[in-house]
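Student: I would like to go through the labels given to this model. For each one, please set the value against the criterion.

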Amino acid sequence: MQLKTHLKINKRLCGEPTAVETDKYATVVLKTDEEMAADEKGLVHGGFIFGSADYCAMISVNHPNVVLAKAEVKFIKPVKVGESIIFEGTVLEKEGRKRTVEVIGKNGSDQIVFSGKFYCVITEKHVLD
């Protein structure tokens with residue numbers, strides 16, 4: 001498993017990659033903690049869920065210049081502090097420099113908590129260059 005993109009991501013906040021197959025597939029595990037809580041009941045803020053799913057989509061493509069152009073997502077079930085979420089990303093379509101990646105997030109009970117399609121672009125050079 002060799003990562004080629006998003007090398008400086010904070011894995012504690014965005015998840016730990018557990019599998020990468022360039023331009024095909026990736027998995028990321030997000031272990032939620034108290035810092036991710038949105039309220040006193042322990043609801044995990046959706047931004048952390050989205051960030052981990054986005055990270056999974058990017059490493060599913062696994063190109064140094066991949067960026068997100070658009071996302072269509074659904075938050076299906078709430079996530080509580082202490083749960084681990086496993087994200088699975090699959091590249092569904094490849095058209096030139098465009099990629100469509102489906103990401104599904106499941107909790108420890110194998111329930112789907114998140115689903116989304118991420119529309120990615122591989123730019124010719126880094127977007128900040």
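Tutor: Two strands pair if DSSP finds at least two bridges between them. Keep in mind that this model is predicted.

Student: What makes β4 and β5 a pair, and which residue stands opposite E95?

Tutor: Strand β4 is joined to strand β5 (residues 98-106) by 9 bridges, and the two run antiparallel. At least two bridges are required, so the 9 found here make them a pair. E95 stands opposite K98 in β5. The hairpin of β4 and β5 has 2 residues between the strands, and G96 takes a positive phi near 60° there.

Student: How do you know that β2 pairs with β4?

Tutor: By the same criterion: at least two bridges are needed, and strand β2 (residues 25-31) and strand β4 (residues 84-95) have 7, in the antiparallel sense. V29 stands opposite I86 in β4.

Student: Why is the pair of F75 and F114 called edge-to-face?

Tutor: Their ring centres are 5.4 Å apart and their planes are at 75°. The centres must lie within 6.5 Å and the planes over 60 degrees apart, so the pair is edge-to-face. F75 lies in strand β3 (residues 66-75) and F114 in strand β6 (residues 112-122), so the pair ties together parts that are 39 residues apart in sequence.

Student: What makes K70 count as sitting over the ring of Y119?

Tutor: The charged end of K70 is 5.2 Å from the ring centre of Y119, and the distance limit is 6 Å. K70 is listed as sitting over that ring.

Student: How many disulfides does the structure hold, and how far is C14 from the nearest cysteine sulfur?

Tutor: There are 0 disulfides. For C14, the nearest cysteine sulfur is that of C56, 12 Å away. A disulfide needs sulfur atoms within 2.5 Å, so C14 is in none. For C120, the nearest cysteine sulfur is again that of C56, at 10 Å, so C120 is in none by that limit. C120 has a relative accessible area of 2%, under 20%, so C120 is buried.

Methods
Residues numbered from 1 in each chain as written. Predicted model: local features only at pLDDT ≥ 70, side-chain atom pairs only at ≥ 80, totals over all residues. Heavy atoms only, no water. Phe/Tyr/Trp six-rings, centres within 6.5 Å; stacked < 30°, edge-to-face > 60°. Helix = DSSP H or I, 4+ residues; strand = E, 2+ residues; numbered from the N terminus. Lys NZ or Arg CZ within 6 Å of the ring centre and 35° of its normal. Buried < 20%, exposed > 50% of the residue type's maximum accessible area, 1.4 Å probe, protein only.
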